[in-house]
Amino acid sequence: MSGHHQALALALFGVFVAITLAITTWVSRNRHGSAEEFYTGGRLFSPMENGFAIAGDYMSAASFLGVTGLIALFGYDGLLYVVGFLVAWLVVLFFVAELVRNVGRFTLADVVAARMSARPVRIASGLSSVTVSVLYLVAQMVGAGSLVALLFGGTSAAARAWTVVVVGALMVVYVSMGGMRATTWIQIVKAVLLLGGTVALTAMVLLRFHGDVESLLRTAARRSGHGDAFLAPGLKYGGSWTSRTDFVSLGLALVLGTAGLPHILSRFYTVPTARAARRSVVWSVGLIGGFYLMTIVLGFGAAAILGPDTVRESNAAGNTAVPLLALDLGGGARSTGGAVLFAMVAAIAFATILAVVAGITLASSAAVAHDLYASLRRRRTEERGEVGVARAAAVGIGVLAIGLGLLARDLNVAFLVGLAFAVSASANLPVLMYTLFWRGFTTRGAVWSVYGGLVPALVLVLLSPVVSGSPESLFPGADFQYFPLENPGIVSIPLGFLAGWLGTVTSTEPADEAKHAETEVRSLTGAGAV
């Protein structure tokens with residue numbers, strides 16, 4: 001990219017960082033050090049504000065950069081991510097939002113501990129939440145690195161590394177200084193920017209083809225080199241039974257994983273009532289649905305206007321399809337319009353990454369302080385001490401995410417998020433569903449459910465083609481690939497549910513009927529909710 005592009009994109013990004021740091025500073029002056037203020041922003045947000053913040057949390061670099069890139073490279077098969085990400089919200093809306101808001105306080109473990117022996121389930125749920133959050137964070141870091149590689153011509157490994165470090169440092173500042181209130185306002189600002197930019201790009205793609213969607217699709221198919229196969233299932237996931245099974249596995253992970261994501265669950269605690277939580281989800285579903293419909297147009301638009309080969313040359317995983325599309329729509333690499341549009345899209349993508357990593361870091365630091373630290377430390381922790389631990393945990397999680405982000409820099413960001421969803425659906429969803437809906441569920445069942453999903457999911461990923469055994473792997477020179485699928489969901493999700501059932505039926509401890517009745521009444525009516 002030319003120096004003009006670089007300067008403009010960096011200037012716009014600098015403006016966003018300045019605004020978000022100002023929000024964080026303003027919020028930090030008006031806070032008091034209670035856990036409720038730090039974790040939930042005082043539960044003062046309206047359903048519309050929280051709906052925009054949830055949308056901001058969910059519309060990540062994986063959606064904006066990764067999904068559009070996959071559609072540009074693989075056509076129809078890339079649509080699975082769009083369908084999975086959106087359908088997942090039906091599970092959240094009907095089974096999770098209100099019930100979690102009524103039963104829990106700050107984290108997923110609060111819901112499970114409401115009717116179980118608190119210490120073992122808090123440790124298990126805390127470890128699971130941190131694992132899912134770190135996997136999700138790595139995807140955002142990889143997105144940031146890809147964007148900067150494009151901005152600086154793709155030659156500077158140092159620039160990519162420093163970007164990952166800067167994003168990590170900023171997220172730690174946002175969380176440790178501003179807590180949930182600053183994070184929420186950053187997400188709202190980012191959601192408005194992202195939706196505005198996506199609407200503008202979608203309108204420009206449709207105008208390029210005079211509003212004729214059929215012409216857009218036919219041009220994309222022709223330029224892809226695959227003809228009509230580009231618009232039919234099977235280009236990425238149809239070559240063999242292994243790839244077809246991978247397709248089903250990924251679909252399961254995407255549809256079931258959202259309901260167990262710690263940073264999404266924590267958003268339901270930022271509104272005053274369960275009704276407000278449900279209305280938040282209705283707002284977010286509308287915003288997210290519109291956004292994903294537009295990513296389909298952008299993905300096929302990139303294939304039609306740029307061609308998959310151009311996208312691959314810039315980034316093998318397709319993570320830079322949208323910025324390149326913006327450059328072309330604005331008039332090309334040497335035009336002022338191209339420079340401005342490219343800079344705006346790059347700045348919005350940076351804003352997206354920063355806002356999402358702040359939300360995930362807050363959720364994972366809450367799991368460390370409120371669940372792990374408070375459970376492992378036998379004495380009761382004061383609220384101010386717990387908040388201090390959460391701030392320190394944000395630093396540690398930031399450092400870990402930076403290291404892993406540098407390691408996984410060549411993988412597709414949507415694919416990385418698919419792994420996070422698989423672990424979430426395997427470890428968090430079974431224990432959540434059993435706690436809310438199974439009268440006979442016990443503490444042993446809860447602990448077995450978490451570990452019975454978490455450990456197989458992680459082990460299968462380590463033994464999969466993602467880590468070794470192929471040129472695209474994390475370690476291409478090594479080969480300890482014994483599991484053929486890239487996404488473990490089809491195996492690990494049933495194992496999580498099975499382990500929870502097995503732990504319960506073999507438990508010597510009887511289920512606490514009274515606590516279940518109390519939890520059921522609270523989850524359905526809100527009586528006694530915090």
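**Note on the predicted model: aromatic cluster, cores and selected residues**

1. One aromatic cluster in this chain is formed by Y58, Y81, F85, W89, Y136, F291, Y292 and F421. The model is a predicted one, and the points that follow should be read with that in mind.

2. As to confidence, the chain has a mean pLDDT of 83, with 92% of its residues at 70 or more. Among the elements of the chain, the lowest mean pLDDT, 76, belongs to helix α1 (residues 3–29), whereas the highest, 94, belongs to helix α19 (residues 489–505).

3. The aromatic pairs number 16. In the pair formed by Y58 and F85, the ring centres are 6.0 Å apart and the planes stand at 80°, and because planes over 60 degrees apart count as edge-to-face, the pair is assigned to that class. Y58 belongs to helix α3 (residues 47–58) and F85 to helix α5 (residues 79–103), so this pair ties together parts that are 27 residues apart in sequence. Both partners fall under the 20% limit for burial: Y58 is buried at 1% relative accessibility, and F85 is buried with a relative accessible area of 2%.

4. The largest nonpolar core holds 147 residues, and the members that touch the most others are Y58, F64, Y81, F85, F268 and F421. Helix α15 (residues 336–376) supplies the largest share of this core, namely 18 residues. Apart from this core lies another, of 11 residues, which includes V112, A113, A124 and F441.

5. The C-alpha atoms of S375 and V121 are 9.4 Å apart in space, although the two residues are separated by 254 residues in sequence. Once neighbours within four places in sequence are left aside, the contacts of S375 are with R119, R122 and I123.

6. The side chain of S507 reaches the backbone nitrogen of E509 at a distance of 3.2 Å, and, leaving aside neighbours within four places in sequence, S507 is in contact with T442 and R444.

7. H210 deserves a separate remark on its backbone. Most residues other than glycine have a negative phi, whereas the phi of H210 is near 55°, a positive value in a residue that is not glycine. H210 lies in the loop between α8 (157–208) and α9 (213–224), and with a relative accessible area of 74% it is exposed.

Technical notes:
Residues numbered from 1 in each chain as written. Heavy atoms only, no water. pLDDT = per-residue confidence, 0-100. Helix = DSSP H or I, 4+ residues; strand = E, 2+ residues; numbered from the N terminus. Polar contact = N/O pair within 3.5 Å; in protein donor to acceptor, adjacent residues only side chain to side chain. Contact = heavy atoms within 4.5 Å. Phe/Tyr/Trp six-rings, centres within 6.5 Å; stacked < 30°, edge-to-face > 60°. Buried < 20%, exposed > 50% of the residue type's maximum accessible area, 1.4 Å probe, protein only. Core = buried A, V, L, I, M, F, W, Y, C linked by side-chain atoms within 4.5 Å.
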